[in-house]
Amino acid sequence: MYHQQYANQCFKRGCYVEPEHPQPGDKLDRLLIYQISHYTCEYRFTDYDYAQNKLKATDYRCAYMANMPRDYTPDKCFQDFNYDDRPCANSMPSLSVSDLIVLERDDKAEALYVDAVGFKDVSRLLPELHDMEVERQEHNLDELER
């Protein structure tokens with residue numbers, strides 16, 4: 001259970017850490033929040049009905065990634081990321097309509113579009129979001145090596 005306590009601390013700071021030598025049952029869940037990366041995107045802050053046929057993973061950037069507390073829900077995420085003392089309040093805006101929440105649990109992932117009321121499943125974007133994350137990590141490694 002030490003791993004889950006550590007995950008809860010990482011959540012508050014906005015960081016994701018995996019055990020160096022994981023044992024069975026040590027897999028920690030992960031939360032990612034993607035926000036539209038440019039202000040001119042026509043569906044930024046719009047409901048899903050308007051945005052659904054325009055959605056592109058390349059319009060988003062990962063604004064937050066951390067170990068996710070156990071039994072975490074999209075509603076709890078929306079609540080947590082709309083307080084003034086939310087995780088990473090200085091580096092990311094509060095969670096809003098058109099943002100994406102990715103919940104990774106037990107080797108399964110789901111992507112949800114934050115709608116005007118509730119959430120819509122956009123898991124079809126997961127492969128592109130994953131590819132973008134791999135690309136970002138490779139770019140960061142290249143920068144470190146220079």
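Tyr113 is buried, its relative accessible area being 0%; buried denotes under 20% relative accessible area, exposed over 50%, and partly exposed in between (1.4 Å probe, protein chains only). The model described here is predicted: local features need pLDDT of at least 70, side-chain atom pairs count only at pLDDT 80 or more, and totals for chains, interfaces and linings use all residues. Residues are numbered from 1 along each chain as its sequence is written, and side-chain values use heavy atoms, with hydrogens and water left out.

**Aromatic pairs**

Three aromatic pairs are present in the structure. Rings of Phe, Tyr and Trp (its six-membered ring) pair if their centres lie within 6.5 Å; planes under 30 degrees apart count as stacked, over 60 as edge-to-face and the rest as tilted. Two of these pairs are listed below, including the one formed by Tyr113.

| Pair | Geometry | Centre to centre | Angle between planes |
|---|---|---|---|
| Tyr48 and Tyr113 | edge-to-face | 5.5 Å | 65° |
| Tyr64 and Phe81 | edge-to-face | 4.8 Å | 70° |

Tyr48 belongs to helix α2 and Tyr113 to strand β4, so that this pair links distant parts of the chain, 65 residues apart. Helices (H or I, at least four residues) and strands (E, at least two) are DSSP runs, numbered from the N terminus. Tyr48 has a relative accessibility of 11% and therefore counts as buried. The other pair joins Tyr64 in strand β2 to Phe81 in the loop between α3 (74-80) and β3, 17 residues apart. Both Tyr64 and Phe81 are buried.

**The sheet**

Five strands form an open sheet in the order β2-β1-β3-β4-β5, with antiparallel pairing. Two strands pair if DSSP finds at least two bridges between them. From one strand to the next, the twist averages 25°; axes are lines fitted to C-alpha atoms, for helices over the stretch in contact, and angles run from 0 to 180 degrees between N-to-C directions.

Strand β1 (residues 30-36) pairs with strand β3 (residues 100-105) over five bridges in the antiparallel sense. Within β3, Ile101 stands opposite Ile33, and Glu104 is the bridge partner of Arg30. Strand β3 is also joined to strand β4 (residues 108-114) by six bridges, again antiparallel. Arg105 stands opposite Lys108 in β4. The hairpin of β3 and β4 has two residues between its strands, and Asp106 in this hairpin takes a positive phi near 50°.

**Nonpolar cores**

A nonpolar core is a set of buried Ala, Val, Leu, Ile, Met, Phe, Trp, Tyr and Cys residues joined through side-chain atoms within 4.5 Å. The largest contains 19 residues, and Tyr43, Leu55, Tyr60, Leu100, Tyr113 and Val122 have the most contacts inside it. At least two residues of this core come from each of β1, α2, β2, β3, β4 and α4 (126-145), and β1 gives the most, with three. A second, separate core of 15 residues includes Ala63, Cys77, Phe81 and Met92.

**Cysteines and Lys54**

The structure holds zero disulfides (pairs of cysteine sulfur atoms within 2.5 Å). Cys77 is buried at 0% relative accessible area, and Cys41 is buried at 9% relative accessibility.

Lys54 lies in the loop between α2 (48-51) and β2 and counts as partly exposed, at 29% relative accessibility. Leaving aside neighbours within four places in sequence, Lys54 is in contact (heavy atoms within 4.5 Å) with Glu42, Tyr43 and Asp59. The C-alpha atoms of Lys54 and Glu42 are 8.7 Å apart in space, and the two residues are 12 residues apart in sequence.
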